[in-house]
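Reader: I would like a close look at one part of this protein, with the criteria behind each term spelled out. Please take me through it in one connected answer.

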Amino acid sequence: MTLVGLAASLLLGVGLFALGVALVKVPDAHAAATAQSNTWLYSDGSLLARTGQTNRQNVGLDKVSKDAQHAALAAEDRNFYSEGAVNFKGMARAAFNTASGGATQGGSTITQQYVKNAYLNQKQTVSRKVKEVFISFKVDATQSKDEILSSYLNTSYYGRGAYGIQAASQAYFGVDASQLDAAQGAYLATLLNAPSAYDVSSATENGKQKAMARWNYVLDGMVTKNWLGADERKQLTFPEVQSPKSAPGMSGQAGYLVAAATSYLTDNHIVSDAQLAKGGYTITLTVDSKKQQQLQDAVQAQLIDNLKPDTRKVDAAAQAGAVSVDPKTGQVVALYGGADATKHWIDNATRTDYQAGSTFKAIALAAALDSGARTQYGDRITADTIYDGTNRRPVRGAKGVPYAPPNEGERSFGQISLQQATDWSVNSVFAQLAQDTGLEKVRSTAVALGLPADTPQLEAIPSIPLGTSSPSALELAGVYATLDNDGQQITPWLVKGLESGGEKVALPEHKSTQAISKNAARGTTAILQGVIDDQGGTGYRAAALNRPAAGKTGTTDDSKSVWFAGYTPELVTVVGLFGQDPTTGKQVTLDGVGGMGSAAGGRFPAQIWTAYMKSALAGQPVSSFSGPVRTPSTTVPSAPTGSASPSQNPSTSDGVTSAPSPSAGDSTGNGNGSPSSRPSGGAGDGGGQPRPSRSPSAKPSAGPSEPPTPSASTGSGGSGGLLGTQDQPAG
């Protein structure tokens, strides 16, 4: 092409672009930005809720504090006043990231974001992007930078139904936008990135950490641009955020279900907060309306009806959360987030701030069986492997200061099988099991089974098998569903249908991966059946279900959280009870709740689980788990010095140990961590339902009169460190 031809082509291109800008019509911003309602449906198509009430208040830029203006610029477009309408370089970078399989990434100027918010939809399409570019140039040519910034701040979505910075200021801080300080302005600017995920009143611990990181990023940007002094920056603390106000139609469980489904949609980049806020969507959840009601009824009958918060103060601290999952598909069929979403904002089913306790021991079992781990004596680990269950027994094979966790009630169990240690939830045995398996192997198995890699406190340290990490009930349900599904992992999901304007929106496929071997999954399930079948097991109350079932209790230090995670071949359900001071929000003990003495996973959580599973599975044929091919271990190691003699543990035909019935133990009847006498009937024992065929375990030996004194170290440290008892899950 000649120089003249190139120039002509260039002029033609410029001319056509200029013509496009001249001819493009800027739509009515107010009409386009008006929110419609969203319709949320149960899996059967029945109505769950409608959302979409809009809170919008427009204010002039002079009514927005300079700190808040600068915070928005620092967060979204630091060169706004010196750049053009469109950032082609940023758009290209974002397009490449999206095309290469990364998350949707911003690359737009504030002008482009304003145009998208006010005039267009949020779809990531080429035609929408082209329109955005033309309208952005038109707006930039006809409005000043101050006018564009003002319009942007008035049309942005901040969460809680709040459009615009004035509505957001009132929703989060109860002040006008003109009164926002730098810390508050930086938080509102943080919300622009992910409103629902970064609302610290209801976010997960991970969400709170990300919100804090983003807040610091905004403030650092303000310092970089000389909008905030470095000394002033150092003195700023995270602002106090008001609790959300009740949303119409979001009372009871509706608010929790909508919030969980919203998180699923936004976390998986299916739609954004802004898209949902504009409305017009019909969202069909996987939640079964009948099972949802059955779960609510079980919590009400087994827990809430037994609470007297007016006369028994500790009862006001009890917060229940539960999730039920179809193990074959990963569909969440029921979810209980708390007593009322308009009164208790944090979803107890998805919160990640309470330790999992001994529910994590199922993961340690799976890791050992899947990896073919061997004891310190070189024996292959099976359900019949003999371990030393002495209280505060130092772990062997670790480096540094020995890790020596206490057992529940400071009890010693002597020489017992791994099956018995699981039934009774013996900490000293599982600490050694994790060491024999490899701490990193236990952690990696947890992630493979379904726990997010960034689960709080999920670290390869000696205390990992005892549940010092803090997954949610939803995430734990995913782990147990993997065990139930022969080791096939499917991340639990909540939305099965999404429509906008009568058109279906594509949803991601639900991939299945083999997390552990089929035999390891079945072997773990076989062992976990003992927790329920064993009359001395910590989950014996769940035997009232009268179906083959497997599960694990969990009780943490000071009983701040207690759990029961259990499953049948058809259904997985995890129930957690959390102690939270209703005034301060701090974690507190659950001991005494319901007038029951020491709290335990084998009590209220197991009772809720049993009541729900009975109704949810009523009328369905009783089916059994598929058993693994397992070779029992025949080698019994010599007893370590100071330990009791090995118990006589004959093996039944399924390779599970059996022994004499337990005698009276813990006078409190603690349902987790140590065996006690279990009556054959009565209200607390399933009303005299017949027991499964597995024989009960043997009585534990008496604890030492003077347990070994733990190391002065109180941190969990690395391999071989000693976890202080104040941080130690109890069983």
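Author: Two strands count as paired if DSSP finds at least two bridges between them, and helices (H or I, at least four residues) and strands (E, at least two) are DSSP runs numbered from the N terminus. This is a predicted model, in which local features need pLDDT of at least 70 and side-chain atom pairs count only at pLDDT 80 or more, while totals for chains, interfaces and linings use all residues. Residues are numbered from 1 along each chain as its sequence is written, and side-chain values use heavy atoms, with hydrogens and water left out.

The part to examine is strand β16, which spans residues 572–579. The protein chain around it has 21 helices and 16 strands, and 55% of its 731 residues are buried, where buried means under 20% relative accessible area, exposed over 50%, and partly exposed in between, with a 1.4 Å probe and protein chains only.

Strand β16 has a partner in β15 (residues 561–567), to which seven bridges join it in an antiparallel arrangement. A hairpin of four residues leads from β15 to β16, and within this pairing Trp 563 stands opposite Gly 576. Strand β6 is also antiparallel to β16 and is joined to it by eight bridges; here Val 323 has Val 574 as its bridge partner.

In a regular strand the side chains alternate between the two faces of the sheet. In β16, Val 572, Val 574, Gly 576 and Phe 578 lie on one side, Thr 573, Val 575, Leu 577 and Gly 579 lie on the other, and all of these are buried. The strand is thus mostly covered, with eight of its eight residues buried.

A pocket, on a 1 Å grid over the protein atoms alone, is an open set of points where a 1.4 Å probe fits, with protein on both sides within 12 Å along at least five of seven lines, and lining residues have an atom within 4 Å of a point. Of the 34 residues lining this pocket, Gln 319, His 344, Gln 580, Asp 581 and Pro 582 lie nearest its centre. The elements giving two or more residues to the lining are α10 (205–224) and β6 (318–325). The pocket holds about 800 Å³ of space, a volume being the space filled by probe spheres set on grid points joined across faces, edges and corners.
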